[in-house]
Amino acid sequence: MEANRIIPDPSKVREELIQKYPAKVAKKRSKSIVINDPDTIPEVQANVRTVPGIITQRGCSYAGCKGVVLGPTRDIVNIVHGPIGCSFYAWLTRRNQTRTESLMDENYIPYCFSTDMQEENIVFGGEKKLKQAIQEAYDLFHPKSIAVFSTCPVGLIGDDVHAASREMKEKFGDCNVFGFSCEGYRGVSQSAGHHIANNGVFKHMVGRNNTPSEGKFKLNLLGEYNIGGDAFEIERIFEKVGITLVSSFSGNSTVSQIENAHTADLNVILCHRSINYMGDMMETKYGIPWMKVNFVGAESTAKSLRKIAEYFGDEELKAKVDAVIAEEAPKVKAVIEEILPRTTGKTAMLFVGGSRAHHYQDLFNELGMTTVAAGYEFAHRDDYEGRHVLPGIKVDADSKNIEELKIVPDPELYNPRKSDAELEELREKGLEINGYEGMMKQMTKKSLVVDDLSHYESEKLIEIYKPDIFCAGIKEKYVVQKMGIPLKQLHSYDYGGPYTGFEGAINFYRDIDRMVNNPVWKMIKAPWEKAGNGKGLSASYVTQ
Amino acid sequence: MLLRHTSKEVKVREGLTINPAKTCQPIGAMYAALGIHGCLPHSHGSQGCCSYHRSTLTRHYKEPVMAATSSFTEGASVFGGQANLLSAIDTIFAVYDPDIIAVHSTCLSETIGDDLQQISKKAKDDGKIPEGKYVIYASTPSFVGSHVTGYANMVTGIATQFGVSTGVKKSQHNIIAGWMEPSDMREIKRIAQVLGVNIVLFPDTSDVLDAPQSGKHLFYPKGGTTIAELKSIGDSLSTLALGSISAEPAAIALEKKCKVPFETVDMPIGLSATDRFIMVLSQRAGVKVPDEVTAERGRLVDVMCDMEQYLHGKRVALFGDPDQLLPLTEFLLDLNMKPVHIVSGTPGQQFDKQMRLLLNERSPETNFRNGTGADMFLLHQWMKNEPVDLLIGNTYGKYMARDEDVPFIRFGFPILDRIGHSYFPNVGYSGGLRLVEKILGVLMDRQDRDALEEKFELVM
């Protein structure tokens, strides 16, 4: 009911958002702006092209492939094949933290590798230079793996990064070299790049090492990129409850962990958008089910841990999970109880990513704050409405040219971890096995859902709703703050974090409290501006 | 060690660039276009380009950076981007209502051969550009030159597409800003005002990328060179280009088109370069240099005299962009310091020639390289072989500085982890003072940190 008090009439808001657009643009945008009803869940247009000229939050396929999925694995030398910019901009800007066991273990994350294509490479082809670059990287570092990423011109001039990679891999014999056709123009956003990355990692890495992993409860963490140390906190909790993390895709990960991932018994998915393909492919080939979880939020973390224990069906594990939750809860409670009076009743907007706009609503709920509007930057309909809409999604021209791998059960390694009946039973207990209900089911009635929010729409929304906090990325950060509203970056966390697990929840509560209650927002106007600056004042001292 | 795989042994690399000391053209074009009032930069390419450039500029300035994109998909890449750009122009004028759209190309649109001149003309012929509004363009292929080239190309586009000669001269002089900070541009304007010289400065990002917090987001902030000013540059008495790589090309183009004579001086960083700037500007405008400026100069020289013992012989490694590196190297030499290693990713023989001229005369043993093979990996290897007392460069230098335990000053682009560069200039005598203060600060902090207890000094 709180929501009704603060939410303006959403149909009027929608009209206002599209009013200024040319007719065709308005028609297109209106399908991506919907008024939520968690019971009926209306259709949201998503994963479609951004209208040229619209100031969008979105990036490109290369960013999704190299920047998001492959970037966090520390011991791959990632060579960007293209002009210098693409590699430069993705250099250390995503805050994927990583921790090696020893000070001299392989870690290439602080490095930027590029073929720095020049005009002659565009005209006469760049494959020779690429092979030279791979050779030099091998000679200098002798890495376990070298990955090659195609940028826009590479696809156009016809350089075959896959053939070049194969050739060098055969030549070296002890270094896995593989390529990604993740040219920036593929698809309509970063999302295409996630899919391309999933395909490549599955084809070239997963399953290369069949050594059985140790541990009783073995899982992979999918779609967790260790921004601000998120994965470290999850690792801490797993260790405490006795869960073995075989591999992570891909925060704080190594090549050998990913190559061994198929020996786990469960995949838990955090960022559904960027990694669900991997979950599906591993299920089909190896029989490992996946389950949607959320470690953003203290309650969500507790819930997710209980779901994992339920999946393994082990009483001892269940008891341990309960004990750990009980142990962690008091420090979370102490902080939230102190902060809650200062944040309750405030409003938030979240326009970011492909899952964060959903996950972080849990933390705002814990803070007593309402999410009045939310949307993703590069998600698909299933991330909004739930995976049940998947069969009905039309594959358009932009999605069609992204390869769908044909996966079949591995003749030797396929081993269903649970029977169909067992999985059905788990689903009945509320576990999202091979499923995801999406963001909208959790949002209040009449809240606004906007896909691929434009700059113009964001300013309008702020004017209309005057939220207490806006969550987005670096491009939006200072625009929104110039309007006198704090913006929390949910890509980089404003260089804070971690925000996962119990410690992360505490960090987030404190950060949001600090932001929405910072006195600086009341200091924007100068005292003379507040006083009307000269109007109606008489001078106290005037020279005659 | 952060850069634990960087070895001492330098091997020649022909294919692989590691830790580049440059980025690509379009970001420079975007930055230059932000220095025009009421202008929306437009990136003709994939969405990622625009997103990356906006993000990097935003991280550097902590300010809104508005720009649009042609949002290429595979179809546009195959069939050409004309339809995307025309549709973008429609959308932008309807929604964001700029006075000018400044389009720059990308590696993608250049590879497929999109002709921005032809598409802009078509937009005009099709009536897509409202009366009194403009679409200007610059070709900025990412596989040629560097971000500095892109800046120069957009500034040249601005000069030639706005500059007209009416035949009636105006009593003013053009100053073309090389790639410098809004604070530097503000300082150039202040110096001209103190000298009493009537100037048009372009581009000018002051009051754009250092906008005040007012509780309102001004989509087109107060600053930037205006259309009226830009239209008048063809009638100016002369042009002074600040930097031979980033500013001179525009001056040459304007001379060619409008017969405005030009002179190029180094960006006024440090004592000698500022001296030359003041001399040339005052002579061109026929004004006497006021005492106020002489006193400013005197304050800088005073500090250089008083603190010389802390600067003398200190070994410096520096990396960055040509137009800054030249006067900065000269300033270090004026300070009696020793530039030991210099690297710039920006290619070009002109820069190489100018730097070698300076070094041959005053520091022939300095390691210097620009263009191919000149990256921060090489610089780091040089530093391991011949250690230094100070590193100067953009934020990426902090990884080397930490590993080698060397004092570090952030200078250049991008600076992603400190503020100040947009507010406090590096140009002019006051900019020189700021640089000396920064250099002394880190060197003396190091001395304080490392001194034995009995050698710890109160007064320095």
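**The domain 1–domain 2 interface in chain B**

Across the interface of domain 1 of chain B and domain 2 of chain B, 16 residue pairs turn up in polar contact, both partners being at pLDDT 80 or more (N or O atoms within 3.5 Å, one able to donate a hydrogen and the other to accept it; residues adjacent in sequence count only if both atoms are side-chain atoms). Salt bridges, by contrast, come to zero here (a side-chain nitrogen of Lys or Arg within 4 Å of a carboxyl oxygen of Asp or Glu). This is a predicted model, with local features needing pLDDT of at least 70, side-chain atom pairs pLDDT 80 or more, and totals for chains, interfaces and linings using all residues. Residues are numbered from 1 along each chain as written, chains are lettered from A in the order written, and side-chain values use heavy atoms, without hydrogens and water.

The two domains span 25-162 and 173-290, as set by an automatic or database domain assignment. About 2900 Å² is buried between them, 70% of it from carbon and sulfur atoms (accessible area, 1.4 Å probe, lost on putting the two parts together, summed over both). On the domain 1 side, Tyr31(B), His37(B) and Tyr151(B) lose the most area, together 22% of what that side buries.
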